[in-house]
Every structure is written in structure tokens, then in C-alpha cells.
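Hi,

Here is the structure I promised to pass on.

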Amino acid sequence: MKILYVFPHPDDESYGPAGAIYQQIQAGHEVHLLTLTEGEATRMRHKLGLSKAEMGQVRRAEMEAVAQVLELSSLSVWTWPDSQLQDLDPRPLVQELKDFIQQLKPEILVSYPVHGISGFHDHLVTHSLIKQCFLELKTEGNSPLKRLAFYTIPDHGQATFSGDFIRMRHSTKERIDCIEPLSAQAMEKNREALMAYETYQEVIQESGILNKLDKKAHYEFFQEDFDPPVQELTAGL
């Protein structure tokens, strides 16, 4: 099948489903990746002494290295403004996404869930854009899409309120429709993808993500309900 992942920034895929993407490609699926921005607003540009335009070019080159690591079917990097998606009229971007999907013709569209995993505003806006795009294509009656999926992490169930702290809630067990076990090779490819972001190694080390990678990829399916969860993103199609 043909799968399209859409995220707002470079590295979103490597902090997320890179291992699953590689595994899906190895299973014979076409997997395409689109980022809406070049990720040029990162604070790392100040340490590197780069302008936003220069940082965007650096991050684009790093993404191209990731595409080689994961053996992506295609990589597209758009130039909508990083960290400013909430300020945009969403209609032109939704139309551009719809046109892109109609040209590529994926059966499965994947992006962030409603909580955006991190709560970063660009992630939340992307969820809304993708859902709007999916529904408009369905309403127009000529959509190639058969499934909208959200890559997610399971909620750990701890208290939402703890003193003055309000924690982010992730996807409850009931919302997760697919749990895809990842092979050791897929996990290693996820690590390689993270290492391809040479300018982001300080952030990667600070986050400890290399030691926190999940051995399973979790997805919610929009307006579908699988209980128990299936083990493949393409299951049931």
C-alpha cells in the first residue's frame, strides 16, 4: 500500500515513527514523508550563527540524509513558516495538502493526534489541518484515502493534576487501534535517523531519546475501532 506521513518539522519522524516507517518499507509498502516547514526557527540556529533561511537549508539536508537511512519512497519539504502555523489562514495550506494527496494517491494518511504528543502548537495545528483535509476529500467524493491514522504514545495514567503542575495526557488504551512491534533492525534505523540530525545532537542527547525509543509503534485510527488493536498499520484494508 501507499502511506503518507505528514509532520510539521524535520526530526518529527525520527523522534516518532522512524522505526515503523522503515519496517513498513521493508514489508513492501511505499512510504512517503512530507514536512510542512524546514524547521528553521529552532533555537539551535543561534548557537550555529545561522539565519532562519540558512538553518532551513541545513535541516533540509539533514532530512535528505534521513530519507537515505530509512529508504523513503519520497521526501517532500515545504516552506511554510516554522512555529507560525497557528497564525496562518489554514485554507491555502489545506488546499495544497489536498492537491498533494490527489497527486500522490496514498491509501493511508498519518500525522499527529489531537494532543500532538508534545503539545507544541505546530503539532496541534497540523493535526487539525490533516483532519480537515481528510474530511474534505471524503466529502468531495474522490479521495484516494482509506484510513487516517495518528502516530501516538500511550498515556501512563498518572494524575493529571499534581500540585501546580498539569501534565499532558496522551492516548488512552481505548483509543489505540494499532500496536506494531518493531524489529531490532527497525529500532537501529530509528537511532541512525536521529544521528543524521548532526546540528541537533545536543538536543538529542539532552532529551535522552536514544535510550527511550519504544519497541512498539502506537496508532489511533480516525473513526475506526479495533479492540484488540491490530499489529499492522495496513490491517483491515
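**Pockets and cysteines**

Let me start with the second largest pocket: 16 residues line it, and those nearest its centre are Phe150, Arg175, Glu220, Phe221 and Phe222. Keep in mind that this is a predicted model. The volume of this second largest pocket comes out at about 210 Å³. Its lining splits into seven charged, five polar and four nonpolar residues. Helix 5 (121–140) and strand 9 each contribute at least two residues to that lining.

Now for the largest pocket, which holds about 800 Å³ of space. Two or more lining residues come from each of helix 1 (18–26), strand 5 (147–152), helix 7 (201–207) and strand 9 (216–221). Strand 9 gives the most here, with three residues. In total, 38 residues line the largest pocket, and Tyr15, Tyr112, Ile117, Ser118 and His123 lie nearest its centre. Sorted by class, that lining has 17 nonpolar, 13 polar and eight charged residues.

On to the cysteines. How many disulfides are there? The count is zero, going by a cut-off of 2.5 Å between cysteine sulfur atoms. Are cysteine 133 and cysteine 178 buried or exposed? Cysteine 133 has 0% relative accessibility, so it counts as buried. Cysteine 178 is also at 0% relative accessibility and therefore counts as buried; the cut-off for buried is under 20%.

Cheers

Note on methods:
Residues are numbered from 1 along each chain as its sequence is written. This is a predicted model: local features need pLDDT of at least 70, side-chain atom pairs count only at pLDDT 80 or more; totals for chains, interfaces and linings use all residues. Side-chain values use heavy atoms; hydrogens and water are left out. Buried means under 20% relative accessible area, exposed over 50%, partly exposed in between (1.4 Å probe, protein chains only). On a 1 Å grid over the protein atoms alone, a cavity is a set of points where a 1.4 Å probe fits but cannot get out, and a pocket is an open set with protein on both sides within 12 Å along at least five of seven lines; lining residues have an atom within 4 Å of a point. Grid points are joined across faces, edges and corners, and a volume is the space filled by probe spheres set on the points. Helices (H or I, at least four residues) and strands (E, at least two) are DSSP runs, numbered from the N terminus. Ala, Val, Leu, Ile, Met, Phe, Trp, Tyr, Cys and Pro count as nonpolar, Asp, Glu, Lys and Arg as charged, and the others, Gly among them, as polar.
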